[in-house]
Amino acid sequence: MHQHILQLYNSAKKQQRLIIGLMSGTSLDGLDVALCKVSGHGMNTQIDVLAFDTVDYDDDYKQKIKTVFAKRECDLELVTLLHPWVGQLHGKMVLQCLAKWEVAAADIDVIASHGQTIYHCPKSQHNQSDFNHGTLQIGDSDHLAVTTGITTIGDFRQKHIAAGGEGAPLAVYGDYLFFSSLTENRILLNMGGIANLTFLPQSADASAVFSSDIGPGNTIMDAYIQRYFAPLHYDKDSLIANQGQINQPLLDELCQDEFFNLDFPKTTGPEVFNLAYLHQAQTTTNTLQLSHEDVMATLNRFSAMMIAQAINQCSEKLADVTVYASGGGIHNPLLMKHILSLCPQLHEIKNTHALGIDPDAKEAVLFAILANECLAGGQQRFGNQAQGIPTITMGKVSFAD
Ligand SMILES: Nc1ncnc2c1ncn2[C@@H]1O[C@H](COP(=O)(O)OP(=O)(O)OP(=O)(O)O)[C@@H](O)[C@H]1O
Ligand SMILES: CC(=O)N[C@H]1[C@@H]2OC[C@@H](O2)[C@@H](O)[C@@H]1O[C@H](C)C(=O)O
């Protein structure tokens, strides 16, 4: 037997495994690195997050990725070069974290790597009849494995598409295993660049679980700040949006995209919700002269309205539901205030801290859970094709040499 297969077999048999989960989202703020002690699998999965860091990207990384990110046309040579470059860089960032945490690479069973999404196009977005859904993450796992010396499981989204899903959101697989409850209906709400949710019924009945992207979380707000308030990257503590007034005609227009009328599950990205989308809405409503503060106030309300609409849609037939939020949006006070005011049935919005997971680490932990299932688990059966959650094991294995 090959030594790497033997090592994987031994890792799979262990009571506890050390898995490093990595997530680099659409916000391009940094690489989330979560060191997880994982035991069990399936509904018996136990996770202890031993350490978590976001390794910030420098301007060079952001500039290079933005050259190709969510662009229909770009330099194919650059994409080809970025694929190994991002993998190596993520590998170096993992080594940096391990050194800081004083953990030896040899003690890690596997790295779980999401990669960097550069283009995401479900059928609902590309409308090309010859093609199915598509999504592309760069930062190849072979480069992470060789750079770190640690076996790496990556490229999780392709299996989802191959088996009939849209490639996202994948959070549901981890949310169901780790956050299901027999005592409360739960909505796990993540607000990164794009917002998404997972509904977990109190029954823990897998066939009633569902998950979907919602629309923009921070993505348009971030893009606007980066364009007009550089070097700021985002509207810290909603300071700019708080100075503006909501413009109703622009807000109404922003809410018109056909994506919002599609049934769950659905997925989207900055390929649709971007500055061009805003510009089109401002042109239609003759609001191109609005102050930057008013535009930010309107964008903040827009994200909140679509998020609240999705929460209300999930919870309309329920006596009660608890929302657990995660992702950078929880740090935007105006966004949180708007969402709460638009969901009268909620007394508060909790965050995943209340369930034992740092809300900033949640997506990185998700990929550790998916890698654990690939290694030591099995397929989760949700049992209802209409949910868009195929019965699969995700991830491809890259060895270090
Ligand atoms: N103090 C703050 N005030 C306002 N917004 C904040 C604050 N802290 C973080 N954010 C927002 O959170 C974003 C980062 O969120 P996160 O790291 O969850 O995104 P991501 O993982 O890249 O996205 P995705 O979930 O789409 O992959 C920032 O770009 C910013 O918009
Ligand atoms: C293509 C892609 O990278 N999508 C991300 C993005 O960020 C949030 C939302 O859009 C979600 O669908 C997904 O990530 C999470 C981790 C997911 O798949 O559940």
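1. In which sense do β4 and strand β5 (residues 134–138) pair, and over how many bridges? The pairing is antiparallel, with 5 bridges between them, and Q116 stands opposite I138 in β5. For the terms: two strands pair if DSSP finds at least two bridges between them, and helices (H or I, at least four residues) and strands (E, at least two) are DSSP runs numbered from the N terminus.

2. Before going further, some housekeeping. This is a predicted model: local features need pLDDT of at least 70, side-chain atom pairs count only at pLDDT 80 or more, and totals for chains, interfaces and linings use all residues. Residues are numbered from 1 along each chain as its sequence is written, while chains are lettered from A and ligands numbered from 1 in the order in which they are written.

3. On confidence, the protein chain has a mean pLDDT of 96, and 100% of its residues reach 70 or more; pLDDT is the predictor's confidence in each residue, from 0 to 100. The model scores are ipTM 0.97 and pTM 0.96.

4. Back to β4 (110–121). Strand β1 (residues 16–24) runs parallel to β4, joined by 5 bridges, with L22 opposite S113. Strand β6 (residues 152–154) is also parallel to β4, through 3 bridges, and there S113 stands opposite G154. Because 11 of its 12 residues are buried, β4 is largely enclosed by the rest of the structure. Buried here means 20 or more other C-beta atoms within 10 Å of the residue's own, exposed means 12 or fewer, and partly exposed is in between, with C-beta atoms placed from the backbone.

5. There is an open sheet of 5 strands to look at too, ordered β9-β8-β7-β10-β11 with mixed pairing. Its edge strands, β9 (210–216) and β11 (350–351), each pair on one side only. Inside it, β7 (residues 186–191) and β10 (residues 322–326) run parallel and share 5 bridges; L189 stands opposite A325 there.

6. Helix α7 (residues 171–179) is largely enclosed by the rest of the structure, because 8 of its 9 residues are buried. Those buried residues are A171, V172, Y173, G174, D175, Y176, L177 and F178. Their cover includes β3 (46–56), β7, β8 (194–200), β9 and α13 (362–376), where contact means C-beta atoms, placed from the backbone, within 7 Å.

7. M43 and G174 are 131 residues apart in sequence, yet 9.7 Å apart in space, C-alpha to C-alpha.

8. Ligand 1 has 20 residues around it, of which G25, S27, G192, G193 and G328 come nearest; a residue is near if its C-beta atom, placed from the backbone, lies within 6 Å. The shell has 2 nonpolar, 12 polar and 6 charged residues. The classes are Ala, Val, Leu, Ile, Met, Phe, Trp, Tyr, Cys and Pro as nonpolar, Asp, Glu, Lys and Arg as charged, and the others, Gly among them, as polar. At least three residues come from each of domain 1 (3–170 + 361–398) and domain 2 (182–355), with bounds from an automatic or database domain assignment.

9. Ligand 2 has 18 residues around it, and T117, A168, P169, A171 and I194 come nearest. β4, β8 and α13 each supply at least two residues of its shell, which has 6 nonpolar, 10 polar and 2 charged residues. Ligand 2 lies between domain 1 and domain 2, because both give residues to its shell.

Key. Two residues are in contact if their C-beta atoms, placed from the backbone, lie within 7 Å.
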